[in-house]
Amino acid sequence: MKRVPGPPPSRRRSPAPDAAAAAPGPSREGGPIEPDEHYRRVVQSIDPSLADGTITWCRAANVTAVLPIVPDSAVPQTLSDAFDLSIHQVAMTGRGRTVVIGELDGWFLVLEPNDWNSADRIAELSRGGEAVSLVIGDTLRHYHFYVARDGEQVCRFRWGDAPEGEPPSLAGDLALETPLDFDVWKTRAFVLAERLTGVRVTTEWLAAEHTGYRVPTRFTIRREDDW
């Protein structure tokens with residue numbers, strides 16, 4: 001059984017200074033590939049699991065305390081399994097109510113199909129460090145990228161709009177403020193997340209089993225087969 005996420009290692013990994021400095025992933029031919037190409041494949045692989053959902057990178061040791069989850073509901077779970085559960089919850093409550101948390105290179109990654117709890121709490125998740133969050137809304141074509149540091153949200157990118165707050169310098173060449181093709185925008189948002197965190201998210205990691213939790217509902221009437 002996968003262990004419940006605990007405090008990340010104390011050693012901090014330095015963010016990659018630019019796309020070229022990010023750790024290269026293997027190509028089909030065995031050589032390195034550029035971040036744009038890598039994340040194009042990632043964007044394609046997570047559809048539809050996060051077609052409407054959130055992925056958040058943070059180093060908060062109390063991530064499970066910040067998020068509105070049921071602590072004793074922890075089970076080994078994949079993103080695909082969480083997505084299947086979220087479909088039922090959306091029909092019942094309007095939100096996915098499923099959170100998957102894993103660790104990668106000293107960071108926690110929070111995956112939320114059909115939900116956005118971690119994005120709502122991005123400032124709190126950044127206390128004592130940094131956090132970034134990508135909210136994908138393919139159904140209504142709403143896309144957001146949040147950056148927070150030391151307990152404060154410092155910037156938000158929204159597809160087609162000027163950024164709010166102070167954009168990180170590493171975003172300068174990505175043009176996230178312009179109405180790009182939707183998949184291009186998502187790809188570049190992943191590239192920016194890697195630049196800021198130094199973490200390369202792979203399709204293999206996203207498909208792997210991590211720790212899943214359920215989010216409590218406000219409804220007082222529940223069916224036994226809800227979960």
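Visitor: Why does Asp-52 count as partly exposed?

Guide: Its relative accessibility is 24%. Buried would need a value under 20%, and exposed a value over 50%. Since 24% falls in between, Asp-52 counts as partly exposed. Please keep in mind that this is a predicted model.

Visitor: Where does Asp-52 lie, and which residues does Asp-52 touch?

Guide: You will find Asp-52 in strand β3. Leaving out residues up to four places away in sequence, Asp-52 touches Glu-112, Pro-113, Asn-114, Asp-115, Ile-136, Gly-137, Asp-138 and Thr-139. Look at Trp-116 too: it is 64 residues from Asp-52 along the chain, with 9.2 Å between their C-alpha atoms.

Visitor: What makes Val-99 count as buried?

Guide: Here the relative accessibility is 1%. The cut-off for buried is under 20%, so Val-99 counts as buried. Val-99 has its place in strand β5. Among the residues that Val-99 touches, not counting those up to four places away in sequence, are Leu-67, Ile-69, Val-110, Leu-111, Tyr-213 and Val-215. The C-alpha atoms of Val-99 and Pro-113 are 7.6 Å apart, although 14 residues separate the two along the chain.

Visitor: How much of the chain counts as buried?

Guide: The figure is 48% of the 227 residues.

Visitor: What is the order of the strands in the open sheet?

Guide: The nine strands run β4-β11-β5-β6-β3-β7-β8-β9-β10, and their pairing is antiparallel.

Visitor: Why do β4 and β10 stand at the edges?

Guide: β4 (75-77) and β10 (164-165) each have a single partner strand, so one side of each is left without a neighbour in the sheet.

Visitor: How do you know that strand β7 and strand β8 pair?

Guide: Pairing asks for at least two bridges between two strands. Strand β7 (residues 130-137) and strand β8 (residues 142-149) have eight, in the antiparallel sense, so they pass. For one of the partners, take Val-135, whose bridge partner in β8 is His-144. Helix α6 (residues 182-197) packs on the sheet, touching β3, β6, β7, β8 and β9, and its direction makes about 10 degrees with that of β8.

Visitor: How do you know that the span of α3 agrees with what it should be?

Guide: Count 1.5 Å a residue, and the 15 residues of α3 should span 21 Å. The end C-alpha atoms are 20 Å apart, which agrees.

Visitor: Which residues of α3 are buried, and what do they pack against?

Guide: They are Leu-79, Ala-82, Phe-83, Ser-86 and Gln-89. These buried residues of α3 pack against β4, β5, β6 and α7. An α-helix has 3.6 residues a turn, so residues three or four places apart point the same way. The helix itself lies across β4, β5 and β6, at about 35 degrees to β6. Just after α3 comes Gly-94, with a positive phi of about 90 degrees.

Visitor: Which residues touch the most other members in the largest nonpolar core?

Guide: Of its 37 residues, the ones to look for are Ile-55, Trp-57, Leu-134, Phe-145, Trp-185 and Phe-190. Helix α6 gives the most to this core, with seven residues. Another core, of 19 residues, lies apart from it and includes Phe-108, Ala-119, Tyr-146 and Tyr-213.

Visitor: Which residues is Phe-145 in contact with?

Guide: Leaving aside neighbours within four places in sequence, the contacts of Phe-145 include Val-132, Leu-134, Phe-157, Trp-185, Ala-189 and Leu-192.

Definitions and conventions:
Residues numbered from 1 in each chain as written. Predicted model: local features only at pLDDT ≥ 70, side-chain atom pairs only at ≥ 80, totals over all residues. Heavy atoms only, no water. Helix = DSSP H or I, 4+ residues; strand = E, 2+ residues; numbered from the N terminus. Contact = heavy atoms within 4.5 Å. Axes fitted to C-alpha atoms, helices over the stretch in contact; angles between N-to-C directions. Buried < 20%, exposed > 50% of the residue type's maximum accessible area, 1.4 Å probe, protein only. Core = buried A, V, L, I, M, F, W, Y, C linked by side-chain atoms within 4.5 Å. Expected span 1.5 Å × (residues − 1).
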